[in-house]
Amino acid sequence: MKVVHVIASLDAGGAEAALYSLCFNSKKDVDNIVICLQSEGKYGPLLIADGIKVRTLGMSRGSFSFRSFIYLFRLIRQYKPDTVQTWMYHADLLGGLAAKFAGVKRIIWGVHNTNLIPGVNKRSTIFVSKVCSYLSYIVPSKIVCCANKSLQVHAEANYRKSIMTVINNGYDTNNFNFNQYQANIFLAEIGQLKKLPLLGCVGRFDPAKDHRNLLDALALLVQRGVAFRCCLVGNEMTQDNTLLAGLISALGLNEHVILLGLRSDIPAVMSALDIHILSSVAEAFPNVLCEAMACGTPCVTTDVGDAAIIVGDTGWVVPAKDAEKLADAIVAAIECYRDSKSWEKRSADCRERIVSNFSVDKMVCSYLQVWNADV
């Protein structure tokens, strides 16, 4: 089977990571070809190194090029795929239309978002999503949502519900697994010598991640006399980000927060953390929760997307945009952490939940069923 994937970006991100994992783990069954509207980003070279063909169109973020669209159409027609799988709104729109014009019968859209919030999401993204809601009755033969919440929200937004299905992201639990050796290297790097609870948040600097909410909660912990350190990992999570650094300083968190930027050793980071925190205002199926839990790290999360489904009874779920309740949950988690025997069981339960429900094999099998379905 030949599948052409169309995606807007191959930079670090949840959908991009899922695409890479899906292509890599389905290689024995599928000839995957990836067409990126922009550049190779983070995952392009990784895909190429794994023998997966990658073509890029060089479009600028947020812009439209008719010439690039014609090139996309010609590439799809040249490859003659059995299936075109698109990823996220802009690729659903452009990749879906190009595939339709090229005569492809099996066009699968990918939805990897939940609520679209003005001020958090770009107006252009909200507009494209609205256009896609109308075209969902014409272009795709199936729409794959990465989360139950995504399906619900988009069905309510007039997407064609009868062709929508949910395939959760899957994770390589051999890679995301507790590793004490890697954890020790990371802990030595950040100078974690005292036995303080080590909190962490892995995620790019973006309004949807609501790092202000997290920092406000951490400031409340300081006011309450709670001892901790917190690592912030992700794109733009560095001292060069003057807005972030200024906020940390203004809240009196300089001695408590460590900015580590974008890293490639996330399994090591997750293994080293005692508690992972997701403070987002909008998510679909947050990968970081699964990655942390697969490494045995319990999570505190806001109630966004399918976060509560992922965490189950292994962690703490609080409303978004509520620093007080987020701080309360972190304190509760730290208190549980001090009971080593109970915490060891909670850590094991975290991993078991991911292994049992969100494996990469389950994701691949589900996509293969969709790609092989009659149209």
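Contacts between helix H11 and helix H14 are made by Cys-290, Met-293 and Ala-294 of H11, which meet Cys-350, Arg-351, Arg-353 and Ile-354 of H14, a contact being defined by heavy atoms within 4.5 Å. The model is predicted, and local features therefore require a pLDDT of at least 70 while side-chain atom pairs count only at pLDDT 80 or more, although totals for chains, interfaces and linings use all residues. Residues are numbered from 1 along each chain as its sequence is written, and side-chain values use heavy atoms, with hydrogens and water left out. Helices (H or I, at least four residues) and strands (E, at least two) are DSSP runs numbered from the N terminus.

Two packed helices are described by the angle between their axes and the distance between the axes. H11 (residues 287-294) and H14 (residues 340-357) pack at an angle of about 120°, with their axes 7 Å apart, which makes H11 oblique to H14. Axes here are lines fitted to C-alpha atoms, for helices over the stretch in contact, and angles run from 0 to 180 degrees between N-to-C directions; angles under 35 degrees count as roughly parallel, over 145 as roughly antiparallel, 65 to 115 as roughly perpendicular and the rest as oblique. The crossing of H11 past H14 is left-handed, the term applying where the near helix is turned anticlockwise from the far one by less than a right angle, and right-handed where it is turned clockwise. H14 also packs with helix H13 (residues 323-337), at an angle of about 110° and with the axes 7 Å apart, so that H13 is roughly perpendicular to H14. In this second pairing, Ala-333, Cys-336 and Tyr-337 of H13 meet Ser-340, Trp-343 and Arg-346 of H14.

Strands of a sheet pair through backbone hydrogen bonds, either parallel or antiparallel. Cys-231 in turn has Ile-258 as its bridge partner in S10, S9 and S10 being joined in parallel by four bridges.

Five of the five residues of S8 are buried, so this strand is largely enclosed by the rest of the structure, where buried denotes under 20% relative accessible area, exposed over 50% and partly exposed in between (1.4 Å probe, protein chains only). Both faces of S8 are covered, with Leu-198, Gly-200 and Val-202 buried on one side and Leu-199 and Cys-201 buried on the other. S8, helix H8 (residues 211-223) and S9 together form a right-handed β-α-β unit, a crossover being right-handed if, with the strands pointing away from the viewer, the path from the first strand over the helix to the second runs clockwise.

A further open sheet, of seven strands, has the order S3-S2-S1-S4-S5-S6-S7 with parallel pairing. Strand S3 (53-56) and strand S7 (164-166) are its edge strands, each pairing on one side only, and the twist averages 20° from one strand to the next. Strand S4 (residues 83-87) and strand S5 (residues 106-111) run parallel and are joined by three bridges, with Gln-85 standing opposite Ile-108 in S5. Helix H15 lies across strand S1 (2-7), strand S2 (31-36), S4, S5 and strand S6 (142-145), running at about 145° to S5.

Met-363 lies in H15 (residues 360-372) and, at 2% relative accessibility, counts as buried. Leaving aside neighbours within four places in sequence, Met-363 is in contact with Ala-18, Ser-21, Leu-22, Ile-167, Asn-168, Asn-169 and Gly-170. The C-alpha atoms of Met-363 and Lys-28 are separated by 15 Å, the two residues being 335 residues apart along the chain. Ser-68, found in helix H3 (residues 66-79), likewise counts as buried, at 12% relative accessibility, and its contacts beyond neighbours within four places in sequence are with Leu-57 and Met-59.

Key
Two strands pair if DSSP finds at least two bridges between them.
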